[in-house]
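Take a walk through this structure with the sequence at hand.

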Amino acid sequence: MYHINSGAPRPPSSAIPASADYTVSPFPPIRYYTYPEPPIVEVPPAPPRPRRRVRGFGRLLWWALMLTVWGGLAIALVLLWFTWDMPRPSSAVGSLRRPSLVLTDQTGRSFTHFGDLSGSILTLQTVPATLPEALVAVEDRRFWQHGGLDLIGMARAVVVDLVSGRVVQGGSTLTQQVAKTLFLSNARTLRRKVQELLLTLWLTHHFTPSEILEIYLNRVYLGAGAWGMDAAAQTYFGIPAAQLNLWQSAMLAGLPRAPSRFNPLADPEAATARTKEVLAAMVRSGDITQAQSDAAASAISFAPRAVGGDYWFASWAAQQAGPLIPADTDSKLATTFDPRLQAAAQADLAALLAGPGAAANAHQGAVVVMDAATGAVRALVGGSEAGHSFFNRAVLARRQPGSSFKPFVWLGALMQGMHPDDTVLDAPIHIGNWHPGDYEHHFRGPVSLSTGLALSLNTVSVRLMIKAGGPLVVAGIARQLGVMDPLPNDMTLALGSGSVGLLEMTGAYATFFNGGRRVTPHGITALTADGHDLVPPPPAAEPVISPELAGEMRQMLGAVVAYGTGTAAAIPGYFVGGKTGTTQESRDVWFIGGVDGRIIGIWIGNDDNSPMSKDTAGGTLPATLFRQIALAVTQP
């Protein structure tokens, strides 16, 4: 056996001493061998493996399959999100009966209704050709060419809107409007728009263009609670849709864009202007000639019709509820209406204008009766019955209030620490080139705030506006109490130079008689359909000034009736407070005041802004009418 140590070198023999004593090993001596290191052989790198094209193509197919599967799943989820609450189209189209809107008074008793309860369904064969022609001309000129979605019209609308920097044109087709009217709300959301597109495609697939147009004729909302062309023709002209002439067809065709603004009951001038726009569109579409358009435009006339006692309130309430009324079911509108007060206000106004008003060249008027505590409107008269005009002056007219605006100036002075017994100077005052004076053309020197308001002294009002902080501050106070119309930023505001509405002014006066709370004038308490309430409860009165300030204002308004310009409004045994208002040349006369928990606002004047007789003032015709209506208010 040999032991090979290839690591350590063999020791030389000279390194072993001669005298060393050692024992001879029975084993052979160890021999050491040294092996040479093996040569380093360089191995060349392995050549690259060829790419397997078949395997790479398979991976591409795999990814394509995965993208298809997951992409399809994502699209399905998105569509599910858009359509999970979408109604069934067939169920909505199945019934074309126009719904009714029944209005109930403050006791729950029905007093009028809108809608056609028994009318027949319109077809293209039962209406004049001018009606569908007008609709297509103004709403969707390419209706008979596109397939429900007008891509050209959409692109054109986008370009026009981008150039104008605002929304000027819309790309919505008649079919899209039918989809929205039948199935959807007016919410401006992405989900509703996608649903509209999907339902438009469904309608295009299931109905012909003629059938879609007929659905539109029967289901579109046209204002004043009227659903469908036949109901609108009955409401606005007193005739069925089959008897419409050219300009009447054009007027109805122009209503869908803004039914609450363009209908002749709300604004005859706006309705006339819109009708002329539709006639011009019909000329551009080649449906009529320019001569026919001119003749129809000159024939526009809203025939006199007697206005019922409940019309003014009912139309106002229906206009407010219009956007919320469902298109596919009968609805009930609960209101704050008091038929007794309405009848009294309507009759008293008509009698006044027929007698003393006619003698004073006063031919129109408006009345609002409202609860001071809540803002609930109990009666609303928008004009003289003898005028046969549907323009609601109590809601829509904007006229100068004259001195009836002064209570906001006096309130501003109280907010600065003054009191009703404090004195202020009634003397000449100059604001630049403006020299305000009083009706009597003489001055009283120092007077109390109560006397200044009672006698409606102009120079006192100007000085108190300066004390209050100027016109911007006083305008802000009026806005705080509910007068939202723009007001002038100059000292003439102290004399009531702005233009305001009677309904808002009456609501603002309620603050002086209810302890300092701002109310929102309202006529609706509930709108129900299929057992669901569709409107929120009326807004609660909100404190805006302290009860102490409200009490001082009420006290000074009482002085106006006790010994000032409003004595004709006094009622023995009752506290009556209010303020008169008379504008330059007696073009507008006002009286707004409170009695027995109610606020009564009155305006008298002429639609053409012509002056009344010189002796006509807020303390004459309006104060007298206030007293007559107040007597009905105070009766049980």
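**From the whole chain to single residues**

The accessible surface of the protein chain is about 31,200 Å², and carbon and sulfur atoms account for 59% of it. Keep in mind that this is a predicted model. The chain has 636 residues, of which 48% are buried. Its secondary structure comprises 21 helices and 14 strands. Now consider contacts between residues at least 6 apart in sequence: 70% of them join residues at least 24 apart.

Turn to the sheet. It is open and has 5 strands, in the order β5-β4-β14-β13-β12. The pairing is antiparallel. Strands β5 and β12 (576-582) stand at the edges with a single partner strand each, so one side of each has no neighbour in the sheet. On average, neighbouring strands are turned by 10° against each other, direction ignored. Look at one pairing within this sheet. Strand β13 (residues 588-595) runs antiparallel to β14, and the two pair over 8 bridges. Ile592 stands opposite Gly601 of β14.

Next come the charges. Side chains of opposite charge can pair when their charged atoms come close. How many salt bridges does a search of the whole structure find? There are 8. One of them links Asp371 with Arg378, with the closest N and O atoms 2.7 Å apart. Both Asp371 and Arg378 are buried. Asp371 also forms a salt bridge with Arg598, and here the closest N and O atoms are 2.6 Å apart. Arg598 lies in strand β14 (residues 598-605) and Asp371 in strand β4 (residues 364-371), so this pair ties together parts that are 227 residues apart in sequence. Arg598 is buried, as is Asp371.

Another salt bridge joins Arg398 and Asp485, whose closest N and O atoms are 2.8 Å apart. What does this pair tie together? Arg398 lies in the loop between β5 (377-381) and α15 (406-415), and Asp485 in the loop between α18 (471-481) and α19 (502-513), so the pair connects parts that are 87 residues apart in sequence. Are the two partners buried or exposed? Arg398 has 33% relative accessibility, so Arg398 counts as partly exposed. Asp485 has 11%, which means that Asp485 counts as buried, the cut-off being under 20%.

Leu65, Val69 and Trp70 make a nonpolar surface patch of about 340 Å². Val69 has its place in helix α1 (residues 53-83). With a relative accessible area of 45%, Val69 is partly exposed.

Methods. Residues numbered from 1 in each chain as written. Predicted model: local features only at pLDDT ≥ 70, side-chain atom pairs only at ≥ 80, totals over all residues. Heavy atoms only, no water. Salt bridge = Lys/Arg side-chain N within 4 Å of Asp/Glu carboxyl O. Buried < 20%, exposed > 50% of the residue type's maximum accessible area, 1.4 Å probe, protein only. Helix = DSSP H or I, 4+ residues; strand = E, 2+ residues; numbered from the N terminus. Pairing = 2+ DSSP bridges. Axes fitted to C-alpha atoms, helices over the stretch in contact; angles between N-to-C directions. Patch = residues over 30% accessible without salt bridge, like charges linked within 9 Å, V, L, I, M, F, W, Y side chains within 5 Å. Areas by Shrake-Rupley, 256 points an atom, 1.4 Å probe, with all protein chains shown as cover. Contact = heavy atoms within 4.5 Å.
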